[in-house]
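Come and look along with me.

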Amino acid sequence: MSPPEEENDKENGLVKKLIELAEDGELSPEKIIELAEKSNVADQYYERGRTFISIDRDEAFEYFQAAYKLYSEIGNSLGQANALHWIGVTYRAESDWDKSIEYEQRAFEIYSNLNHKEGMGETIHNIGYCYYYLEKYDEAIKSFEKSIEIHKELGVMDRLRDSLFNLASNYKNLGTYSASIEHFEKCLEMDFKEGKQDDQARDLLELADSYKGLNEYTSSLKYYQQSYEVYKELDYGFRQSEIIDKIKTILSEIEKEKELPNELRKEVTNVKTLITKKK
């Protein structure tokens, strides 16, 4: 989901506020013009920042800072939140996770005061993303759970799926494999409904890894095979090779066992056939 793109003045009611203050005689025409001009310049700085972020992040940063300053001067809370959010995005692009969290958190607080759900969902998701890369998985989980709650309410399926996947990945990194399986399965269900093969293959691979973490080799091998077949359709040779290596690792572990359950023995036969075909 794109960051909040509503017109800052309209959303924050600045124009309406100026008109009311003018009618009440609390603002002179000169002051109204001054504030309106600052608002216009702030909007221009904000939009320039968004344009420059993919070209020159230093320049984008300066534009967002300037926009934030002007929005603060005229009392445009939504404008402040949007500018702070994009400053956080700029820091994230530089992999400065702590600074990104700082600015996204400030934006989240303003969005929350405005009950601006889109902004809240976007910023809390990005906060979780930064915590993930800082390997602060517990904090990331809390952020993604909040993101899921908000995006489910909004019906924003792409971001909901992203948050579910990231939540599952955090559980996986913590070794809480049952929880990771639960959420990867939800992602898989959504990706099947939407026909997203790339994401289906990824979900299946993550499920296979999670089941391996539980030493549930039968399920793990099944999911590796399913993921392999989807990647084969997509002609992702490097992913196919990765899966074959993972399968070989499992085989080397279970071949130490003298007796295997019938279902597992069947899967071992299937994957050996897969490896032979690959060769």
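**Entry 1: α11 and α13**

In which kind of crossing does α11 pass α13? I found that α11 passes α13 in a left-handed crossing, a term for the near helix being turned anticlockwise from the far one by less than a right angle. A note before I go on: this is a predicted model, where local features need pLDDT of at least 70 and side-chain atom pairs count only at pLDDT 80 or more, while totals for chains, interfaces and linings use all residues. Residues are numbered from 1 along each chain as its sequence is written, and side-chain values use heavy atoms, leaving out hydrogens and water.

I took helices as DSSP runs (H or I, at least four residues), numbered from the N terminus. The axes of α11 and α13 (residues 237–254) come within 12 Å and cross at roughly 20°. I used axes fitted as lines to C-alpha atoms over the stretch in contact, with angles from 0 to 180 degrees between N-to-C directions. α11 and α13 are therefore roughly parallel to each other, the word for angles under 35 degrees.

Next I looked up who touches whom, with contact meaning heavy atoms within 4.5 Å. For the classes, Ala, Val, Leu, Ile, Met, Phe, Trp, Tyr, Cys and Pro count as nonpolar, Asp, Glu, Lys and Arg as charged, and the others, Gly among them, as polar.

**Entry 2: α9 with α11**

α9 and α11 pack at about 20°, their axes 11 Å apart. They are therefore roughly parallel to each other, and their crossing is left-handed. I listed Arg161, Phe165 and Lys172 from α9, against Asp199, Arg202, Asp203, Glu206, Asp209 and Ser210 from α11. By class I have 1 nonpolar, 1 polar and 7 charged residues in the contact of α9 with α11.

**Entry 3: α8 with α9**

I read a crossing angle of roughly 155° for α8 and α9, whose axes come within 9 Å. That makes α8 roughly antiparallel to α9, which is the word for angles over 145 degrees. α8 passes α9 in a left-handed crossing. The contact includes Phe144, Ile148 and Lys152 of α8 and Leu160, Leu164 and Asn166 of α9. Its classes are 9 nonpolar, 6 polar and 3 charged.

**Entry 4: the pockets**

I searched a 1 Å grid over the protein atoms alone with a 1.4 Å probe; a pocket is an open set of points with protein on both sides within 12 Å along at least five of seven lines, and lining residues have an atom within 4 Å of a point.

About 220 Å³ of space lies in the largest pocket. Of its 14 lining residues, Tyr129, Tyr132, Phe165, Asn166 and Ser169 are the closest to its centre. The largest share of the lining, 7 residues, comes from α9. I counted 5 nonpolar, 5 polar and 4 charged residues there.

The second largest pocket holds about 150 Å³ of space. I found Ile148, Lys152, Leu160, Leu164 and His183 among the residues that line it. α10 (177–194) gives the largest share of this lining, 4 residues. The classes here are 5 nonpolar, 1 polar and 3 charged.

How values were computed
Grid points are joined across faces, edges and corners, and a volume is the space filled by probe spheres set on the points. Helices (H or I, at least four residues) and strands (E, at least two) are DSSP runs, numbered from the N terminus. Angles under 35 degrees count as roughly parallel, over 145 as roughly antiparallel, 65 to 115 as roughly perpendicular and the rest as oblique.
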